Amino acid sequence: MSLQELYRGVILDHYRNPRRRGKLTADHIHTEGKNPSCGDEFALDVIIENGVVTDSAIQGQGCSISQASGSMMADAIIGKTLDEVQDLAHTFKVMMTIEEGENPIDPDRPGAVLGDLEALQGVRKFPVRIKCADLPWTTLADALEQATT
Amino acid sequence: MDVARIRKDFPILSRTINGKPLIYLDSAATSQKPQQVIDTVSDYYERINANVHRGAYTLADEATTAYEGARSRVAQFINASSSEVVFTRGTTQAINMIAYGWGLDRLKPGDKIVLTVAEHHSNLVPWQIIARHTGAELVHLGIDSDYRIDISDIDRIFDDSVKIVSISGMSNVTGAIGPIAELTEAAHRVGAIMIVDAAQSVPHMPTDVQALGVDFIAFSSHKMLGPTGIGVLWGKRERLEAMEPVEGGGEMILDVHLQESTWAPIPHKFEAGTPPIAQAVGLGAAVDYLTEIGMENVREHEKQITAYALDRLSEVPDIKIFGPSDVAMRGGAVSLALGDIHAHDLATILDEDGIAVRAGHHCAKPLMREMKAISTARASFYIYNTNEDVDALVEGLHKARVIFGL
Ligand SMILES: Cc1ncc(COP(=O)(O)O)c(C=O)c1O
């Protein structure tokens, strides 16, 4: 049943025990995102050294989908190069797109591995909730933009 | 009140959502529309449509009669005179009109505007803007442990510096009925004007502006069975006459010269441009529908269903209800939180069973902070809701607990 697909154990686990929750003290990039219509908030701290994400931390509040997505994302980007992070974001976006199969990334590329994030694919069946899953990723996109300018 | 018969008038209630019959529990956001309103609006477009107050031909006259007829129905509904009923875009525009039209020229630094922490954003933000323009200060009454407006301090707060008091007649979050009589008395004692945001009260309980004794009220058609895009600003004649129009244009003038103009008498001086005519006519039909049922009966029905809901909901483990427990003090908007399940997740789970509830901050973020709730799910009732709808909600909440492993 689709509700069970939406609220998988992994998602509830990340919602209740978010990884990397807190703030970074060392020099870092900080970006914030909000969904004003529903009130979900997400903020991301990242440290990028020599083109590699070396640390991340998250803050925010909201529904299980937005917060779990952020927790998984914060974990998944660690140790990745900026290109790999872009691949990851793109793979996630394709997974969230209702029309499947637009420009999927070669699954063998290291950035394309979603891991826990795959649990979020059930969200696709609930179009009004896709923006919840997306919120941390727009915050990440802002951080990547800051890192490259 | 025959709810089964009423339900037959609402075509949308025969819809299914996710294969289940729609259970609509979001009337505080907007109500559904009976066939009588839908037919009146389409009939207007099919047979009468013309601009109002402009043409000498039959259609124009009929359109004007229909539009003005709606105004007099609304006036009767709240025991006012027609010239005191201004059609607006809704509650939000009505409050903005008072804020700008009354507040901008009169307020000065040191003056106070008294609001409450429980207001809808539409009764907070316009006053913030006016306060910034004029240097006036905003004062907010708090809420007590029963989620009602705390008026224990009003003797200290109300002095000659208070010029405007604006509070909601019924909260869209907690359902609490506002202390209108006490605040009207306090406001008038110091020479302030009293405004009621009646967006939730007019649709759900009898309203008599003469008995209320306030200066202005504002409400929206779409929350009382009528179309979107229209609402009402009611003001006492002398208040409206003394108030500046915020918008200029056609329809609102007496005479126009190149450098200056004179205004039409009330209510028309506040209705610049072509008004939402079909919507006004639809609102007239909605008022007829509610009048036929009787607002006393509407209120009684909602007290009954709210009491039933509060009772049944209290059986659900981990639930927290944000609102007064005594139905005499409240309307049928019931906000709740269930354990650590976020309101959006609750709304999604309920939607799978066709149950529509609102989730989020309900356009009242300061109140949410005050209640230490990030977001709540809100079920709200109207004339077409039944105890079975409440049962379905309770069942849905049990299901959510299972999905979230509570
Ligand atoms: C108490 C209250 N005030 C004001 C409003 C604003 O009404 P509208 O959006 O129709 O202008 C609402 C409804 O959303 C409300 O519940």
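Reader: What is the radius of gyration of chain B, and how does the globule rule bear on it?

Author: The model is a predicted one. Chain B holds 14 helices and 17 strands, and its C-alpha atoms fill a box of roughly 70 × 55 × 35 Å along the principal axes. For 406 residues the globule rule gives 22 Å, and the value for chain B is close to this, so the chain is as compact as a globular protein of that length; its radius of gyration is 22 Å.

Reader: Which element of domain 1 of chain B gives the largest share of the side that touches domain 2?

Author: Chain B is divided into domain 1 (3–27 + 294–403) and domain 2 (38–291), with 28 Å between their centres, taken over C-alpha atoms. In the contact, 22 residues of domain 1 meet 23 residues of domain 2. The elements giving two or more residues to the domain 1 side are α11 (295–313), β14 (333–338) and α13 (365–370) of chain B. The largest share, five residues, comes from α11(B).

Reader: How many nonpolar residues does the side of domain 1 of chain B that touches domain 2 have?

Author: That side can be sorted by residue class. It has five polar and six charged residues. The number of nonpolar residues there is eleven.

Reader: With which residues is V232(B) in contact, leaving aside its neighbours within four places in sequence?

Author: V232(B) is one of the residues with the most contacts inside the largest nonpolar core. Its contacts include A218(B), which is also named among those residues.

Reader: Which element gives the most to the side of chain B that touches chain A?

Author: The contact takes 14 residues from chain B and 13 residues from chain A. By class, the chain B side divides into four nonpolar, seven polar and three charged residues. The element that gives the most to this side, with four residues, is α12(B).

Reader: How many of the nine residues of helix α12 of chain B are buried?

Author: Helix α12 of chain B covers residues 343–351. Its buried residues are A343(B), H344(B), D345(B), L346(B), A347(B), T348(B), I349(B) and L350(B). The helix is therefore largely enclosed by the rest of the structure, the number of buried residues being eight.

Reader: Which residues come nearest to the ligand?

Author: The shell around the ligand divides into two nonpolar, eleven polar and one charged residue. There are 14 residues around the ligand. Those that come nearest are G90(B), T92(B), H120(B), N172(B) and S220(B).

Reader: Is K163(B) buried or exposed?

Author: K163(B) has its place in strand β7 (residues 162–168) of chain B. Leaving aside neighbours within four places in sequence, K163(B) is in contact with R106(B), L107(B), D111(B), K112(B), I113(B) and A192(B). The cut-off for burial is 20 or more other C-beta atoms within 10 Å. Because K163(B) has 22 such atoms, it is buried.

Reader: Where is P267(B), which a cis peptide bond joins to I266(B)?

Author: Omega of the bond between I266(B) and P267(B) is about 0°, and the bond is cis. P267(B) has its place in the loop between β12 (261–263) and α10 of chain B.

Reader: Is N18(B) buried or exposed?

Author: N18(B) has a positive phi of about 50° although it is not a glycine. Its place is in the loop between β1 (16–17) and β2 (20–21) of chain B. Because N18(B) has 11, it is exposed.

How values were computed:
Residues are numbered from 1 along each chain as its sequence is written. Chains are lettered from A and ligands numbered from 1 in the order in which they are written. This is a predicted model: local features need pLDDT of at least 70, side-chain atom pairs count only at pLDDT 80 or more; totals for chains, interfaces and linings use all residues. The radius of gyration is taken over C-alpha atoms; the globule rule is 2.2 Å times the number of residues to the power 0.38. A residue is near a molecule or strand if its C-beta atom, placed from the backbone, lies within 6 Å of it. Ala, Val, Leu, Ile, Met, Phe, Trp, Tyr, Cys and Pro count as nonpolar, Asp, Glu, Lys and Arg as charged, and the others, Gly among them, as polar. Domain bounds come from an automatic or database domain assignment. Two residues are in contact if their C-beta atoms, placed from the backbone, lie within 7 Å. A nonpolar core is a set of buried Ala, Val, Leu, Ile, Met, Phe, Trp, Tyr and Cys residues joined through C-beta atoms within 7 Å. A residue is buried if 20 or more other C-beta atoms lie within 10 Å of its own, exposed if 12 or fewer, and partly exposed in between; C-beta atoms are placed from the backbone.
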